[in-house]
Amino acid sequence: DSYREYFPRLELAVSKFKGWQQVAATMVMQAASSGSIFIAYSVIAVPLQREFEPSRMMLMMALTAALIGSGILSPMLGRTMERVSLRKLMMFGSTLLGLGFILVSRTQSMAQVQLVYLFMMGTAGVLCGPIAGSALLARWFKKRRGLAMSLSAAGAALGRLVAPPLLQFLIDALEWRTALLCYGAGLMLVTLPLIGFFVINRPEDISQNSDGVDTQIAQSTHHLDNPGLWFYLKDRDFWYLGIVLGLLFASSMGITANLLQYVAERGMDAAIGAFLLSMFAAANFVGKLLSGSMADRFNPKLVLTGIIVLFTLAVFSLGQFGVYWVFVVASIVLGISQGAIVPLWGIIMARLYGPERVGSSMGMMSLVLTPFNLVAAPMFGLVFDRTGSYVGAYMGCVVLLALSLVLVAMIREHQPG
């Protein structure tokens, strides 16, 4: 019975209820955007370094530009998702993603690369990533919303496995500019038909209900007034959750960005650091799959609390014990915990503000999260520069994460949708 509850019969999923094809479409889109924009940049950076000879800081500024672009544009784009067809917006984002790689292949300086990442990749990251995917799936699912968002978010993990080796293969086989041109064109050839044929804005558009429930067709609710972005800024729950998620994302980013250096500080080989990052990535995929199903069965706030506790224990263990097996276990726990955050983010926003406002609420919160993401890795480096060790940064994260548990407890229990 439990299996049937979360995985309905195949003939129902394929021939009748169209929600699962929305999951598949958003899963592919998150794989394309996350894998191509962020993770695969390490592959692109090598020929860019040879071609333009920038400083390492300037070379990495393209990723910073994409993060800034996504953060600044997210509130506007999230609000637009409630007024304009998500299908059209996702097609626009997919086009920008492909054209972005094509334009990078024609750039003549690092400044031009950074501009492409700021505007085109930053926009594509919102319209093809977790905000757009969560906004779509919140409309199609209620009872199985957590499972749907988890499967969709797992696409990002798959993209991180596929995109870098594919790009490297193209660069090895072709000249790098030609490789990026082919990659960008290929992205559009795959994603645009997928969105065009499979993405449906709302179940009511084709006379269906959320979760495929075979009852009287629900009336569309997308006529609800949009309260405006200031509504979220005045809501205490918005800030409580934003600070909690910001601390979780920042801690994870700071740890992974400096993990190889910290492993060396503890007297371990660099190969161990690479292995730990692999364990983190694999566990991250598992965490994305598990968190949504847990949130369908239990209160999402309770699930988030459990994740913070596990995350905090793992960070404490990394900071206090320089033992190999502790590092392995802690990396796995960190990966599972961090992977669970993105699906829970969309699930909790739907409970707080309703499924029709997931886009605007997540978009506004993305702006709040951007400073956390930008300062995390440098702050770890600053602690090392001042103290000669990363231990202080780990212990600082432990204190902040413990305080975040208080904020989670203060989030109100209401469930509009």
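Guide: This is a predicted model. The chain exposes about 18,000 Å². Carbon and sulfur atoms supply 68% of that area.

Visitor: How many helices and strands does the chain have?

Guide: The chain has 18 helices and zero strands.

Visitor: Why is the pair Arg-177 and Glu-51 called a salt bridge?

Guide: The rule asks for a side-chain nitrogen of Lys or Arg within 4 Å of a carboxyl oxygen of Asp or Glu. Here the closest N and O atoms are 3.3 Å apart, and the pair passes. This pair links distant parts of the chain: Arg-177 sits in helix α10 (residues 176-198), Glu-51 in helix α4 (residues 41-52), 126 residues apart.

Visitor: Which of the two is buried, and which is partly exposed?

Guide: Buried needs a relative accessible area under 20%. Arg-177 has 13%, so Arg-177 is buried. Glu-51 has 39%, between the 20% and 50% limits, so Glu-51 counts as partly exposed.

Visitor: How many salt bridges does the rule find?

Guide: The count comes to five. One of them joins Arg-139 and Glu-356, at 3.8 Å from N to O. Arg-139 lies in helix α8 (residues 130-140) and Glu-356 in the loop between α16 and α17 (358-387), so the pair ties together parts that are 217 residues apart in sequence. Both residues are buried. Arg-139, Arg-202 and Glu-356 are linked in a network of salt bridges.

Visitor: How do you know that Arg-412 and Asp-235 form a salt bridge?

Guide: Their closest N and O atoms are 2.6 Å apart, and the limit is 4 Å. Arg-412 lies in the segment after α18 (391-410), and Asp-235 in the loop between α11 (229-233) and α12, so this pair ties together parts that are 177 residues apart in sequence. Arg-412, at 36% relative accessible area, is partly exposed. Asp-235, at 9%, is buried.

Visitor: How does the reach of helix α14 compare with what is expected?

Guide: Helix α14 (residues 270-297) has 28 residues. From first C-alpha to last, α14 reaches 41 Å, close to the 40 Å expected at 1.5 Å a residue.

Visitor: What caps the N-terminal end of α14?

Guide: Asp-269 does. One of its side-chain oxygens lies 2.8 Å from the backbone nitrogen of Ala-271. The limit for a polar contact is 3.5 Å.

Visitor: Which elements do the buried residues of α14 pack against?

Guide: They pack against α9 (145-173), α12 (236-257), α13 (259-265), α15 (300-320) and α16 (324-353). The buried residues of α14 include Leu-276, Phe-280 and Lys-288.

Visitor: Why is Ser-331 called buried?

Guide: Ser-331, in helix α16, has a relative accessible area of 3%. The cut-off is 20%, so Ser-331 counts as buried. Among residues more than four places away in sequence, Ser-331 touches Leu-276 and Phe-280, both buried residues of α14.

Methods:
Residues are numbered from 1 along each chain as its sequence is written. This is a predicted model: local features need pLDDT of at least 70, side-chain atom pairs count only at pLDDT 80 or more; totals for chains, interfaces and linings use all residues. Side-chain values use heavy atoms; hydrogens and water are left out. Helices (H or I, at least four residues) and strands (E, at least two) are DSSP runs, numbered from the N terminus. The expected span of a helix is 1.5 Å times one less than its number of residues. Buried means under 20% relative accessible area, exposed over 50%, partly exposed in between (1.4 Å probe, protein chains only). Contact means heavy atoms within 4.5 Å. A polar contact is a pair of N or O atoms within 3.5 Å; within protein, one must be able to donate a hydrogen and the other to accept it, and residues adjacent in sequence count only if both atoms are side-chain atoms. Accessible areas come from the Shrake-Rupley method with a 1.4 Å probe; for residues, only the protein chains shown count as cover.
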